[in-house]
Structure formats: structure tokens, C-alpha cells
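Keep the terms defined and the wording plain.

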Amino acid sequence: AQTRANIGLLGAGTVGAGLCDLLGDAGLDADIRRVLVRDPSKNRPGCVPAAALTTDADDVLGECDVIVELL
């Protein structure tokens, strides 16, 4: 049985938002679980999930199967 992949993003600017959009359009069985950012109160482009934002890298490393560096 295949399980849903939990993805962690390091960075959520233009490229990170673009990746979120692509993942949604591709219909992959994946979830953006955590997104490392410097300032979680900043407005984010695209479909970056606000509930996933964190300033703690350990949150991303501890909860995600796949890490994508976009800094």
C-alpha cells in the first residue's frame, strides 16, 4: 500500500509557491506538511499553506519524508 508523501519546503517565495501550484496541478499523493520561512507573518504568493509555516528547521526535518531546498 502506498502512503501519502509529506513534503517539507525550505523557502516559500516565488519558486516555493510555484512548486506548491505544480504539486496541486499534478494530482500527486503528496502533502506540503511544513514550510520553513524567516517571517511567517509575511504574505505568501500562490497556494503556500499558512498552517504549514514554521521558523524552526527541526519541525521540517522531523515531520517530512521529502525536503526541497528553495532558499
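The points below go from the whole chain to the sheet and then to single residues.

This is a predicted model, in which local features need pLDDT of at least 70, side-chain atom pairs count only at pLDDT 80 or more, and totals for chains, interfaces and linings use all residues. Residues are numbered from 1 along each chain as its sequence is written, and side-chain values use heavy atoms, with hydrogens and water left out. The chain has two helices and four strands, and these follow one another as β-α-β-β-α-β from the N terminus. Helices (H or I, at least four residues) and strands (E, at least two) are DSSP runs, numbered from the N terminus.

**Overall shape and surface**

- The radius of gyration is 11 Å, close to the 11 Å that the globule rule gives for 71 residues, so the chain is as compact as a globular protein of that length.
- This radius is taken over C-alpha atoms, and the globule rule is 2.2 Å times the number of residues to the power 0.38.
- Along the principal axes, the C-alpha atoms fill a box of roughly 40 × 25 × 20 Å.
- Of the 71 residues, 32% count as buried; buried means under 20% relative accessible area, exposed over 50%, and partly exposed in between (1.4 Å probe, protein chains only).

**Contacts and charges**

- Of the contacts between residues at least 6 apart in sequence, 67% join residues at least 24 apart; contact means heavy atoms within 4.5 Å.
- The chain carries 6 positive and 11 negative charges, and their mean positions are 5 Å apart.
- Lys and Arg count as positive and Asp and Glu as negative, while His and the chain ends are not counted.
- The place of a charge is taken as NZ of Lys, CZ of Arg, CG of Asp or CD of Glu.

**The sheet**

- Four strands form an open sheet in the order β3-β2-β1-β4, with parallel pairing; two strands pair if DSSP finds at least two bridges between them.
- The edge strands, β3 (53-54) and β4 (66-69), each pair on one side only.
- Strand β1 (residues 5-10) pairs with β4 in the parallel sense over four bridges, and with β2 in the parallel sense over six bridges.
- Leucine 9 has bridge partners in two strands: valine 68 in β4 and valine 35 in β2.
- Alanine 5 stands opposite alanine 30 of β2.
- Both β1 and β2 are mostly covered: five of the six residues of β1 are buried, as are five of the seven residues of β2 (residues 30-36).

**Asparagine 6**

- Asparagine 6 is in strand β1 and counts as buried at 15% relative accessibility.
- Asparagine 6 and aspartate 31 are 25 residues apart in sequence, and their C-alpha atoms are 5.0 Å apart in space.
- Beyond its neighbours within four places in sequence, asparagine 6 is in contact with Asp31, Arg33, Glu63, Cys64, Asp65 and Val66.

**Valine 37 and threonine 54**

- Valine 37 sits in the loop between β2 and β3 and counts as buried at 8% relative accessibility.
- Not counting residues up to four places away in sequence, valine 37 touches Ala12, Arg44, Leu53, Thr54 and Thr55.
- Threonine 54 belongs to strand β3 and is buried, with a relative accessible area of 7%.
- With residues up to four places away in sequence again left out, threonine 54 touches Arg34, Val35, Leu36, Val37, Asp59 and Val60.

**Glycine 13**

- Glycine 13 lies in the loop between β1 and α1 (14-26) and is partly exposed, with a relative accessible area of 36%.
- Glycine 13 and glycine 46 are 33 residues apart along the chain, and their C-alpha atoms are separated by 9.2 Å.
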